[in-house]
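Me: I would like to go through the labels used for this structure and see what each one rests on. Please set the values against the cut-offs.

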Amino acid sequence: MKKLFDFFFSIFLIIIFLPLIILISIIVFILDFNNPFYVAERVGKNFKMFKMIKFRSMIINADKNKVFSTKSDDERITIIGKYLRRFKLDELPQLFNILFGHMSFVGPRPNVKFEVDMYHDYEKDLLKIKPGITDLASIVFYDEAEILKNSNDPNKDYGLLIRPWKSQLGIYYVNNNNLILDIKIIFFTILNFFNRQYVLKSISKIISKKTSDEKLSEICLRKKRLNEI
């Protein structure tokens, strides 16, 4: 059922958003006369590598120093890239990844091999299913770049402050995913732009119903400052 949903819904959205995809491609190209797309290898289901497609929101070869975590004040982000990232428009080309079967609409975000190689054993379960454009962790940590703002080592701070919680939320999804939850997550992803507090409370309730981990449910509310783990 999920496979069919991903296939037909991706075709529908590609048709709807194709004019916007073309427009953004032209704008990004005109601004610096370079490839408007960022194509990079990511680790997918069962540790299989695939090429993820995004709109390029950073300068060419931005990841040459292997700084994969991005802070909001990152000098590598282009002018248009700031707006693409803010409204998640840089993710639109991943509709083609879904159409080709590399990704799903909902699932743990795909990671670079550099990060996957550092996974703890429990985190490897994240690769039991296809990665997705959005998931619970992506919504809860929508402001990830702001959390990392002013960081001298974004990779390290991401690993200490954000990754442990995102991994736990990802594992929750792996163990509890179904079409109804997927539809809720897609709805929450859109609603998050308009009523973030309601969305965070809703996610916290979903987590609390299925797990005894009160700390994780509390983190989903994002009311307290994140501490290093």
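This is a predicted model: local features need pLDDT of at least 70, side-chain atom pairs count only at pLDDT 80 or more; totals for chains, interfaces and linings use all residues.

Me: Why is the pair Arg56 and Asp32 called a salt bridge?
Reply: The side chains of Arg56 and Asp32 meet at 2.8 Å, N to O. A salt bridge requires a side-chain nitrogen of Lys or Arg within 4 Å of a carboxyl oxygen of Asp or Glu, so the pair qualifies. The structure holds 15 salt bridges.

Me: What makes the Arg56 and Asp32 pair a link between separate parts?
Reply: Arg56 lies in the loop between β2 (49-55) and α2 (79-86), while Asp32 belongs to helix α1 (residues 2-32), so the pair ties together parts that are 24 residues apart in sequence.

Me: Why do Arg56 and Asp32 get the labels they have for accessibility?
Reply: Arg56 has a relative accessible area of 5%. Buried means under 20%, so Arg56 is buried. Asp32 has 31%.

Me: Why is the contact between Arg222 and Asp143 counted as a salt bridge, and which parts does it tie together?
Reply: The N to O distance between the side chains of Arg222 and Asp143 is 2.7 Å, and the cut-off is within 4 Å, so the pair is a salt bridge. Arg222 lies in the segment after α10 (214-219) and Asp143 in the loop between α5 (136-140) and α6 (144-147), so parts 79 residues apart in sequence are tied together. Asp143 has a relative accessible area of 24%, so it falls in the range for partly exposed, between 20% and 50%.

Me: What makes the contact of Glu91 with Arg109 a polar contact?
Reply: The side chain of Glu91 is 3.1 Å from the side chain of Arg109. A polar contact needs a pair of N or O atoms within 3.5 Å, so the distance passes. Glu91 and Arg109 are also linked with Lys54 and Asp90 in a network of salt bridges. Glu91 is found in the loop between α2 and α3 (94-99). Its relative accessible area is 13%, under 20%, so Glu91 is buried.

Me: Which residues make the patch of positive charge, and why is Lys223 called exposed?
Reply: Lys184, Lys201, Lys205, Lys209 and Lys223 gather in this patch on the surface. Helix α9 (residues 196-210) gives the largest share, 3 residues. Lys223 lies in the segment after α10. Lys223 is at 62% relative accessibility, and exposed means over 50%, so the label holds.

Me: Why is a positive phi worth noting at Phe47 and Asn150?
Reply: Most residues other than glycine have a negative phi. Phe47 has a positive phi of about 65 degrees although it is not a glycine. Phe47 lies in the loop between β1 (37-43) and β2, and at 43% relative accessibility it counts as partly exposed. Asn150 has a positive phi of about 70 degrees and is not a glycine either. Asn150 lies in the loop between α6 and α7 (154-176). Its relative accessible area is 57%, over 50%, so Asn150 is exposed.

Me: How do you know that Ser69 is buried?
Reply: Ser69, in the loop between β2 and α2, is at 6% relative accessibility. The limit is under 20%, so Ser69 counts as buried.

How values were computed: Residues are numbered from 1 along each chain as its sequence is written. Side-chain values use heavy atoms; hydrogens and water are left out. Helices (H or I, at least four residues) and strands (E, at least two) are DSSP runs, numbered from the N terminus. Buried means under 20% relative accessible area, exposed over 50%, partly exposed in between (1.4 Å probe, protein chains only). Patches are made of residues with over 30% relative accessible area and no salt bridge: like charges are joined within 9 Å, nonpolar side chains (Val, Leu, Ile, Met, Phe, Trp, Tyr) within 5 Å. Accessible areas come from the Shrake-Rupley method with a 1.4 Å probe; for residues, only the protein chains shown count as cover. Lys and Arg count as positive and Asp and Glu as negative; His and the chain ends are not counted. The place of a charge is taken as NZ of Lys, CZ of Arg, CG of Asp or CD of Glu. A polar contact is a pair of N or O atoms within 3.5 Å; within protein, one must be able to donate a hydrogen and the other to accept it, and residues adjacent in sequence count only if both atoms are side-chain atoms.
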